[in-house]
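Here is a short briefing for a first look at this protein. Keep the sequence and the 3D view at hand as you read.

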Amino acid sequence: MRASHGWIAAAAIGMAAMHGRAALVDVPAPLLAKVVAEVPGTSVPVVAAMAIALLVGACGAIIVLASRHVALRRHNRTLDARIRDLADQALRFKVAEERTRSFLEAQGDVIVRRDSQNRITYANDAFCMLAGRPRAALIGSDFVPAIVEQGEVAVLDDGTRVHDQELVTNDGPRWFAWREVVLPKPIEPDEIQSVGRDITDRVRTARALAEARDQAEAANRAKSRFLAMVSHEIRTPLNGILGMSDLLLDTELSPEQKTYAKAVKSSGVALMSLIEEILDFSKIEAGKLDLEARPFGLETLVEDVAELLAPRAQAKGLEMASYVDDRIPECVLGDETRLRQVLLNLAGNAVKFTERGGAAIVVEPGIGRDEVRFTVRDTGIGIAKEAQSRIFLEFEQGESGLTRRFGGTGLGLAITRRIVERMGGQIGVDSAPGAGSAFHFTIKLPRPDERTQSARPVPDLSGISVLLVAPAPIEAPLAARRLGRWGAITRVVPDDGIAAALIADHHWNAVVVDHSLGSMAVESLGRNLQGTVPRRIILIEPGARNELPRLKQAGYSGYLVKPIRAASLAMRLGGNADRFDAEPAPAAARRSGAEMPDPAEAAHRAMSILVAEDNEINALLSRALLQRLGHRPTIVPTGTAAVESWLGASAAGTPYDLVLMDVNMPGLDGLEAARRIRAAEAESSASRTLIIALTANVFAEDRAACLAAGMDGFLGKPLDQEGLAAALATRIGPVSSPMAAA
Ligand code: ADP
């Protein structure tokens, strides 16, 4: 018991020590004395030792406890930090989610998701607005807005379904462009998300534009109809003016009266071409430019154009020539009328804007298959660089001063450009002021049949030497080029002096002398050539034909007329003929009536001709022209009267030989009258009467309509004596006419 007192005392001391106090100092001395006194076997040193042992043990325990405490506090701090991190992360997620949601909701696009039962699982604000219902009412419902109009549905490669819809919305009907996708399975099984963009403004604008375009097209069509009508109305009296002035000019007139009558006629012609240009442009504007693809002879066409313009050029002292490379097929497929129009326009301008030298139409093979390159060049005033693109626009002219000097509307090149573009080509110009112009374009003109020959047969002139003596720069070089292609050796010299020297020095198989060298030079060269050169050819303008006997006397063995046609050149230099005989008359001359049958000849083949013409003056003109040609015209004012008259004449056994049928007549028009005559012929098995349309509209569609109605050809108005004679001659002789081309 006493010993336990001693341990208690030591423990107390130890406890005191554990509480950090200095035990030996702080343990009350009386207690210590009492422990020592009461516990047997103890002494102060023992107690002290016990106390120290206890103290050491306590200290160890304290150290262990303290270190665990520290570890726990550190763990606590880590946990705190983690909690803070997680809280931050949660906040960030919340903010992001909020942002995404508000972004989706604030979208102008309408977003709606539906499950496999078509129940709405999500709808953004825009959809709620469209539906005019709160979100809570929509979610879980199968609400679908009413559809006003449904556009076509397409499915894209990635499976997205796209379509446009006009929907009944809270704000009235609106258009939406929908994109619908099935959401990927891991996100929402079988949910379809539809995103609709409001395209009302776009659709309305597009519709307004289409409407405006339709209106503009309708207005354009109305304008074309109006122009066609007005120009027809203007053309009718104008035809009268032109026809009557022709008749007037054929009567006895004083020189003064003749001048006035000619002025009336030339003003009428100018007005007619202006009207035609405007009408043509308006037709092209209205998209009514339908091209034909028929076989035609390209070289003939080009030579015809050159011949047609040659008198105008020659009147100004200019040359007008053409050259068609003989690698180009004889017959090609295309729209001859429109190509003629293009070439007439370009070559007409070339003559108009040239005061010295001349113009040429050159046709060569292009680079690609079936390509043909056309160049119309001149030695005229040229065009400034800045004006070169402008002149192809409507009503644009090179310089305003030129308009006054040369006249014109500025429409010709605009029409030309459109036709060339429609033919698949591009028109361009190389030019400089004072250095002439070269307008060029390339189009495809295939052969009508692959089996037809690609190149034309040409004469073989190899070994033949030809000297050309010509001061003018256009025709002779082109003729030399052609002769060169045929194998001849050529030389072009500009004056008789050099020519005489060359003739003395070399042997020439042929010498071609341009009549424009002047009478003296021409005659002395002729004499010089006689006996030395086998072929001595004089090159003349048609107006100099009356000088031919004198030129023959001067020593020339043959002649060529400008513009030279390839066939004439081949005949003169390639053929065996070495006579001063007439070359075949140019096509234009044939057409222009140079070989017109004379009235006396025509009279003994006088035809009975029915003319249906509602316009009194035109009727008067037709009667006068036909009577002059020795025929017997019967004039009727309507289509109905024409059919009746034809039936009457047939029944009486005196059928008409020919019907000239005006196309535009009130009541029964010319087309219908022709159909009825054809039907009557078929019924009675009467022989076919030739019916020729009289029309101011000579475009492909008009022509096709005439032919479809059973007519055999057409005659363009205004009627003139030459055209009429040529057309009628197809009935009585082999003279070609525009009809034959039709
Ligand atoms: P127009 O001849 O009626 O004025 P175009 O459209 O045919 O109308 O020609 C437009 C303009 O282009 C002409 O006014 C002229 O200034 C210029 N032009 C056309 N061809 C030639 C040319 N061969 N040489 C010089 N200028 C030309």
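Predicted model: local features only at pLDDT ≥ 70, side-chain atom pairs only at ≥ 80, totals over all residues.

The protein has 742 residues, and 42% of them count as buried. It holds 25 helices and 23 strands.

**Overall picture**
- The accessible surface of the protein is about 38,100 Å², with 57% of it belonging to carbon and sulfur atoms.
- Among contacts between residues at least 6 apart in sequence, 62% link residues at least 24 apart.

**The largest nonpolar core**
- In soluble globular proteins, nonpolar side chains tend to be buried together.
- The largest nonpolar core here contains 47 residues.
- L298, M320, L339, L343, F374 and F441 have the most contacts inside this core.
- Elements giving two or more residues to the core include α8 (255-285), α10 (336-352), β11 (371-378) and β13 (437-444).
- Helix α9 supplies the largest share, eight residues.
- F441 touches residues including L339, L343, F374 and I427, leaving aside those up to four places away in sequence.

**Helix α21**
- Helix α21 spans residues 639-651 and has 13 residues.
- From first C-alpha to last, α21 reaches 18 Å, close to the 18 Å expected at 1.5 Å a residue.
- G639, A642, V643, S645, W646 and A649 are buried in α21.
- These residues lie on the same side of α21 because they cover an arc of only 165 degrees around the axis.
- E644 and A651 are exposed on the other side of α21.
- The cover over the buried residues of α21 includes β19 (608-612), β20 (632-636), β21 (658-662) and α22 (670-684).
- Just after α21, G653 has a positive phi of about 80 degrees.

Notes. Residues numbered from 1 in each chain as written. Heavy atoms only, no water. Core = buried A, V, L, I, M, F, W, Y, C linked by side-chain atoms within 4.5 Å. Buried < 20%, exposed > 50% of the residue type's maximum accessible area, 1.4 Å probe, protein only. Helix = DSSP H or I, 4+ residues; strand = E, 2+ residues; numbered from the N terminus. Contact = heavy atoms within 4.5 Å. Areas by Shrake-Rupley, 256 points an atom, 1.4 Å probe, with all protein chains shown as cover. Expected span 1.5 Å × (residues − 1). Arc of directions from axis to C-beta.
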